[in-house]
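Colleague: I have this model open and would like to go through it with you. Can we take it piece by piece?

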Number of protein chains: 2
Amino acid sequence: MPGLRDLGEVETLRRLAAARRAPPGTVVDAGDDAAVLRIRPDHELVATTDTQVEGRHFLPEWLDAVRIGARLATANLSDLAAMRATPRWALVSLGVRPEHDVAALIELQRGLAVELARHGAGIVGGNLTAVEGAEWYGLTLLGEVARGAAWTRHGARPGDLLLVSGHPGRAGAGARVAQRLGESARAPEWRALLEAWLEPAARAALALALGEGVTAAIDLSDGLAGDLMRLLEASGVGALLDEAAFPADPELTRAAQALGVDARSLVLGPSDDYELLLAIDPAAREATLAAARGAGVSLTAIGTLTDVPGTLELREAGGGVRAIEASGYDPFAGPA
Amino acid sequence: MPGLRDLGEVETLRRLAAARRAPPGTVVDAGDDAAVLRIRPDHELVATTDTQVEGRHFLPEWLDAVRIGARLATANLSDLAAMRATPRWALVSLGVRPEHDVAALIELQRGLAVELARHGAGIVGGNLTAVEGAEWYGLTLLGEVARGAAWTRHGARPGDLLLVSGHPGRAGAGARVAQRLGESARAPEWRALLEAWLEPAARAALALALGEGVTAAIDLSDGLAGDLMRLLEASGVGALLDEAAFPADPELTRAAQALGVDARSLVLGPSDDYELLLAIDPAAREATLAAARGAGVSLTAIGTLTDVPGTLELREAGGGVRAIEASGYDPFAGPA
């Protein structure tokens, strides 16, 4: 298929629109000045936005167009999961080079739309513009939640349990393995870590499966220690993590050895896993874990919240307790 | 104030959030994984998104940070006006260079927020990322409209009247004058055109002041002929414009002389005026014009819709009728 320079904006938008279907609740679809959408009665609107920049949030040599689109969906779906919202409608904003092949752009939209559709959402509008340097792909995702039922970061209390889904740190470990080993990272032994980095899945189904008892939630987009610290600051509490309680992860241990780093730094450090981190009332422990098993998602209690605001400590496997420094990913940080 | 590289993402976001206030209807504000917003009963959600790219949608040498922000607001407010929606909540997505001064970024947000607040809306969330080349500023604007009351592009019928607000073509003329005359374009004689280009205002108040009788609407972001053609295609009708009925515009006539072009090409050609173009039932003519006068906005009947789908004709001042070619702005078009 020709590039955008040949087809032009209008025809490209027409082809993109023809290749997708509007999700339920769409009153006026893309192609007008704005989309008109119908929220269910007694529900509130939940809105988030995220943009992925070429070379910064994804490396084209490691991801095809479909996976780039899927990853953009996941980043936003994960934010809604952390609010307990049901995803509904998405607006896409694309900054692409004039020579970008339109077929590849339709593939990107397909990856995005398929991942959204897995959770009941779809694209209802957007915006397409030309850029000269790095391309960027932005998504605004709208969802809904029963009135008053949204989770936030600020409801956690001392004594609450801290739970995390999946295996935090794998995405960051995958990125570091790829960076260090280059093409060799494509070997089968690194597949699980590479997939965690390149094809993360939002915990949307888990969020909707859980019952009452969650007091605060955040998704892991920067790294366990960094995102946990945000939850602690918002709630005005501290946390004591129990290293022995963390889910065993031989994949991560192997990566730590290959990279010559401490496995703990991989678990706690920068990593966009899109797992959910939850604070729950201790009384809801069994029901919460049972609901997660029912949803087919591993969920592990990894610590307890304390009454010392903003402090993050780790009880090491040996029994000692030490403070943890929370350093997330900062896109503006200069070279170290 | 230092740049983003020194302050970092988290502190910059904190300062941006501290410099604004959440608009009414905000249940959970920025600072969580997503915003939670409350739609009024019996209303539908209206959503649009637009991004302005440095050097393409605006030229930094002609606009300060406050005006860049205001213009981004206007582009999105205008889309909601064309749907008859009341603006409510905005999500901002910024791609900025690490050396961008944080004080300047706060100024940009101020321009954006002030323009939104003039129409009752405000910022509830966003996203900040680092770029290396051209900066881009994206906005998703959410509004609401009484159920079933949204205007669209597709309801116009043959016999309906075509009305336009303000003086279409001024923004494009201002841009061309600036391009041609450089610094001399800052002379007082060009002020009205320069303002139309650099400080356009969305017709949000007009849209909300009008009663029943509007059958279709679109905002002028590409140019009168191009945007009108979109409305004609969506509605399956044609249009006959009456040149003698167009609002007299000595400013535009003077620009046409200075540029050595036909004034008509300035009125009809590429221009992002953010005026409203409306099709109305002829029976609503007087009430519509009276409502516009009440809102302090000039609104002019410039033609009639016909039953020849997709054809756009102009009755010239001399009496002859000729076809018009609709060529809007295409960001992907190569050099002519």
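**Two residues and an interface**

Modeller: Let's start with Ala234(A): apart from neighbours within four places in sequence, Ala234(A) is in contact with Arg153(A) and His154(A). Keep in mind that this is a predicted model.

Colleague: Where is the place of Ala234(A)?

Modeller: Ala234(A) sits in helix H7 of chain A, which covers residues 224–235.

Colleague: How far apart are Ala234(A) and Ala19(A) in space?

Modeller: They are 42 Å apart, C-alpha to C-alpha, and 215 residues apart in sequence.

Colleague: What about His119(A), buried or exposed?

Modeller: His119(A) is buried, because its relative accessible area is 16% and the cut-off for buried is under 20%.

Colleague: Which loop is His119(A) found in?

Modeller: The loop between helix H3 (102–117) and strand S5 (122–130) of chain A.

Colleague: And which residues is His119(A) in contact with, leaving aside neighbours within four places in sequence?

Modeller: His119(A) is in contact with Leu77(A), Pro87(A), Ala202(A) and Ala204(A).

Colleague: New topic, the two chains. How many residues of chain B are in contact with chain A?

Modeller: On chain B there are 61, and they are in contact with 61 residues of chain A.

Colleague: What area do chain B and chain A bury between them?

Modeller: About 4900 Å², with 57% of it on carbon and sulfur atoms. Asp33(B), Leu45(B) and Phe332(B) supply 18% of the area that chain B buries against chain A, more than any other three residues.

Colleague: Why give an area at all?

Modeller: Because the size of an interface is often given as the accessible area lost when the parts come together.

Colleague: How many salt bridges are there across the interface of chain B and chain A?

Modeller: The rule finds eight. One of them links Glu132(B) with Arg56(A), where the closest N and O atoms are 3.6 Å apart. As for polar contacts, the count between chain B and chain A is 23 residue pairs.

Colleague: Which strand gives the most to the side of chain B that touches chain A?

Modeller: Strand S3 of chain B, residues 43–53, gives the most, with nine residues. That side of chain B divides into 32 nonpolar, 14 polar and 15 charged residues.

Colleague: How do S3(B) and strand S2 of chain A run?

Modeller: They run antiparallel, and three bridges join S3(B) to strand S2 (residues 35–37) of chain A. Within S3(B), Leu45(B) is the bridge partner of Leu37(A).

Methods: Residues are numbered from 1 along each chain as its sequence is written. Chains are lettered from A and ligands numbered from 1 in the order in which they are written. This is a predicted model: local features need pLDDT of at least 70, side-chain atom pairs count only at pLDDT 80 or more; totals for chains, interfaces and linings use all residues. Side-chain values use heavy atoms; hydrogens and water are left out. Contact means heavy atoms within 4.5 Å. Buried area is the accessible area (1.4 Å probe) that two parts lose on being put together, summed over both. A salt bridge is a side-chain nitrogen of Lys or Arg within 4 Å of a carboxyl oxygen of Asp or Glu. A polar contact is a pair of N or O atoms within 3.5 Å; within protein, one must be able to donate a hydrogen and the other to accept it, and residues adjacent in sequence count only if both atoms are side-chain atoms. Helices (H or I, at least four residues) and strands (E, at least two) are DSSP runs, numbered from the N terminus. Ala, Val, Leu, Ile, Met, Phe, Trp, Tyr, Cys and Pro count as nonpolar, Asp, Glu, Lys and Arg as charged, and the others, Gly among them, as polar. Two strands pair if DSSP finds at least two bridges between them. Buried means under 20% relative accessible area, exposed over 50%, partly exposed in between (1.4 Å probe, protein chains only).
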